Amino acid sequence: MPTVRLPIGRDEIVFELLLPLQETHIEEGHVKRRTADEALEHCIGSPRLEELSKGVSKIAVVVPDATRAWQRVPLMAEPVRRRLAQCGVESVDWVIGGGQHRLPTDEEIELILGSAPSSGDRILAHDALKAAPLGKKTTAGTPVELHPAVVDAELVVVLGGITHHDLAGYSGGRKGIIPGVAGKRSTQHNHGLAFSGNGIHPGVHCGSLDENPIHRDMMEFVRTALEGKKSFLLNVIGDKEGKPATYVAGSIEEAWAKGIEEAEALQGLYIDEPADLVIVSSGGYPFDIDLYQAVKAVSATYGAVRPGGGLILVADLPEGLGYPDFGTTLLKAMDDFGSALEEVRQNFTIPSFIALKTVKNLVELNSVLVTPKTDIEYPGMVTHSLGEAFRHIAKEAKPKKAVVIPSGNSIALKVRA
């Protein structure tokens with residue numbers, strides 16, 4: 001029987017699995033690995049950045065905040081600024097697009113931008129409460145509000161990264177604008193489209209775009225917000241370990257669409273039939289620093305488990321549940337899902353929605369959390385022992401095979417169609 005090694009915090013769990021492994025497949029062979037500079041040379045659906053910058057006096061470069069450290073933003077920001085400087089651009093507005101996150105510290109700004117800014121540049125942190133209204137709405141009613149520097153810019157350059165996302169289907173692309181540099185009212189209304197009737201819209205989950213109302217509204221928001229401006233995208237795509245693998249550049253829509261194809265290949269883990277049992281680690285530190293971060297591994301795998309099957313999550317959780325909104329909603333949803341859903345509908349936050357969806361995702365499964373923090377709340381059994389977790393699942397779900405995933409926050413487990 002196989003020996004299982006799973007990261008937990010800065011350590012690992014070693015376990016002799018008493019089941020054969022279910023075969024998994026990856027399809028990354030056709031992805032061309034490109035550096036950021038190589039992507040900037042071969043743009044998709046757009047002229048090169050150098051061409052777009054001609055005759056432009058106001059340029060805003062939107063970058064993600066420190067919560068997206070895996071993207072290694074300086075590797076994108078520095079070549080972008082270098083190319084603009086070669087074209088004679090003396091001043092750029094760097095807008096740190098943290099959506100509704102707290103404002104970044106000076107230390108975080110340095111980590112985000114590296115050596116990219118020039119002496120004539122401005123560094124601006126986005127405050128969602130101070131966004132400028134454009135007096136426009138999307139078809140779904142989302143008010144279009146943006147950071148003032150983005151409103152004033154003639155050329156908007158958006159940097160970011162592409163991974164599977166539980167709310168928007170995929171990150172990157174349009175997410176640099178909303179929620180990145182959008183107003184709080186814009187983001188709240190857009191994210192509120194996650195609900196349908198008395199539940200969560202079925203199109204809102206990892207990898208879902210065509211049937212996802214949040215994604216559709218985001219795309220319309222960006223088209224409306226950037227109407228009459230030049231725009232450009234540079235996005236990094238992570239691999240199955242959450243590390244930068246390749247880049248796409250060009251049109252915000254077309255280059256991002258190419259990036260989605262490559263994210264599918266780099267991050268997709270395929271099985272031929274639904275799994276009896278998934279044993280998944282979030283990937284160790286920092287992916288399992290708290291439960292709010294760690295349950296991304298649940299979102300990425302639960303859909304490939306058969307009803308009544310088992311899902312074991314391995315996570316260190318030194319900071320417990322994480323965001324207060326997440327913990328409060330998780331407890332409420334475990335006790336009274338309908339009441340918790342209505343509360344989140346009335347006062348939407350990302351952590352509270354993720355808590356709600358975590359409970360919903362696990363309702364048809366036998367779930368166990370393996371963690372040293374055994375006093376933590378979770379919609380399933382909690383234990384410090386992977387052996388005890390396995391025995392519990394073996395009794396309840398009677399699995400014949402298991403899928404073992406050491407980096408669940410960086411992949412998406414899918415049943416091959």
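Axes are lines fitted to C-alpha atoms, for helices over the stretch in contact, and the angles between them run from 0 to 180 degrees between N-to-C directions. Helices (H or I, at least four residues) and strands (E, at least two) are DSSP runs, numbered from the N terminus. The structure is a predicted model, in which local features need pLDDT of at least 70 and side-chain atom pairs count only at pLDDT 80 or more, whereas totals for chains, interfaces and linings use all residues. Residues are numbered from 1 along each chain as its sequence is written, and side-chain values use heavy atoms, with hydrogens and water left out.

On these terms, the axes of helix α3 (residues 74-86) and helix α4 (residues 106-113) come within 7 Å and cross at roughly 70°. The two helices α3 and α4 are therefore roughly perpendicular to each other, given that angles of 65 to 115 degrees count as roughly perpendicular, those under 35 as roughly parallel, those over 145 as roughly antiparallel and the rest as oblique. Pro74, Ala77 and Glu78 of α3 make the contact with Leu111, Ile112 and Leu113 of α4, where contact means heavy atoms within 4.5 Å. The residues of this contact of α3 with α4 divide into five nonpolar, no polar and one charged; Ala, Val, Leu, Ile, Met, Phe, Trp, Tyr, Cys and Pro count as nonpolar, Asp, Glu, Lys and Arg as charged, and the others, Gly among them, as polar.

For the protein chain as a whole, the secondary structure comes to 14 helices and 21 strands. The radius of gyration is 22 Å, close to the 22 Å that the globule rule gives for 417 residues, so the chain is as compact as a globular protein of that length; the radius is taken over C-alpha atoms, and the rule is 2.2 Å times the number of residues to the power 0.38. Along the principal axes, the C-alpha atoms fill a box of roughly 70 × 45 × 40 Å. Of the 417 residues, 56% count as buried, a term that means under 20% relative accessible area, with exposed over 50% and partly exposed in between (1.4 Å probe, protein chains only). The accessible surface comes to about 17,600 Å², of which 50% belongs to carbon and sulfur atoms; such areas come from the Shrake-Rupley method with a 1.4 Å probe, and for residues only the protein chains shown count as cover. Among contacts with a separation of 6 or more, 75% are accounted for by residues 24 or more positions apart.

Several loop residues can be described individually. Arg34, found in the loop between β2 (11-16) and α1, counts as buried at 14% relative accessibility, and, leaving aside neighbours within four places in sequence, Arg34 is in contact with Ala39, Ala245, Thr246, Tyr247, Val248 and Glu262. Ile44, in the loop between α1 (36-41) and α2 (49-52), counts as partly exposed at 26% relative accessibility; with neighbours within four places again set aside, the contacts of Ile44 are Val248, Ala249, Gly250, Ser251, Glu254, Ala255 and Lys258.

The loop between β10 and α6 holds Ile177, which counts as buried at 0% relative accessibility. Not counting residues up to four places away in sequence, Ile177 touches Leu146, Val156, Val158, Ala182, Phe221 and Val222. Pro179 lies in the loop between β10 (169-170) and α6 (184-191), and the peptide bond from Ile178 to Pro179 is cis, with omega near 15°. The peptide bond from Tyr285 to Pro286 is likewise cis, with omega near 0°, and Pro286 has its place in the loop between β16 (275-281) and α9 (291-294).

Positive phi values in residues other than glycine are found at Arg72, with phi near 50°, in the loop between β3 (59-64) and α3, and at Lys398, with phi near 50°, in the loop between α14 (386-397) and β20 (403-405). At 60% relative accessibility, Lys398 counts as exposed.
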